[in-house]
Amino acid sequence: MLRIALYLVGIIVLALGITLKTKTNLGVSSIISIPYAVAQIFGYETGTAVFVAYLIFIVLRIVLLKGKFPPFQLLQVAASYLTSAFITIFDRVLPVPEQMGSRLLVLALAIILTGIGAAVTVDVNIVPNPADGLARVLGERCGKNMGFGKNLFDFSALVISLAIGMIGAGRPVGIGSGTVVAMVCTGRVIALFNHFGKKKIEEITIA
């Protein structure tokens, strides 16, 4: 029960970080760049587009695994729905910062929350984020590690989102300096959090 509670907290924190990043208008993270571009161009809610994207990631993972359907795949669908639901809630209630200083502060907070949320959801070891699960399989299919798969996933997502933006709006949508900063800094936040908190999480969830 404690692991589930921590996992839910991680999902909420992750969703808050993702949503705050969209509010800055400085660029979103590569993971949600595709659904964000689709949502902005076609008028969908970001949370709904993220849920559909997560389902596609799950299907792609199954295809790469040649039809294998691990039991936790259904839990991934439930976790994806919860994440998208919280993104929708936060998107409706959070304001858009107007001043550049405020936007930069919100971006910094968003990166910190995203990193913490991602770290917690992974550390409790219940079910991986669909994007992370797909990245891991991509790395394995290429004969590399998950890091390579994550880089490949991020690059592919940015290329696809840029193409969607140029075709649908004539300009990049959701890609900016904040995207680059997030790609560089989020991993550092995760590493820092795990350095101080991963062992503690493991201790209290195993005990």
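How many salt bridges does the structure hold? I looked them up and found three, where a salt bridge is a side-chain nitrogen of Lys or Arg within 4 Å of a carboxyl oxygen of Asp or Glu.

A note on what I am reading: this is a predicted model, in which local features need pLDDT of at least 70, side-chain atom pairs count only at pLDDT 80 or more, and totals for chains, interfaces and linings use all residues. Residues are numbered from 1 along each chain as its sequence is written, and side-chain values use heavy atoms, with hydrogens and water left out.

**Entry: K23 and D91.** I found the closest N and O atoms of this salt bridge 3.1 Å apart. K23 lies in helix α1 (residues 2-23) and D91 in helix α4 (residues 73-93), so the pair ties together parts 68 residues apart in sequence. Helices here are DSSP runs of H or I, at least four residues, numbered from the N terminus. I then checked accessibility: K23 is buried at 9%, while D91 is partly exposed at 26%. Buried means under 20% relative accessible area, exposed over 50%, and partly exposed in between (1.4 Å probe, protein chains only).

**Entry: E45 and R92.** Here the closest N and O atoms are 2.8 Å apart. E45 sits in the loop between α2 (33-42) and α3 (46-64) and R92 in helix α4, so this pair links parts 47 residues apart in sequence. I noted E45 as partly exposed at 32% and R92 as exposed at 61%.

**Entry: K150 and D154.** Their side chains meet in a salt bridge at 2.9 Å, N to O. Both residues lie in helix α7 (residues 146-168), four residues apart, about one turn of the helix. K150 is partly exposed at 24%, whereas D154 is buried at 7%.

Terms used
Helices (H or I, at least four residues) and strands (E, at least two) are DSSP runs, numbered from the N terminus.
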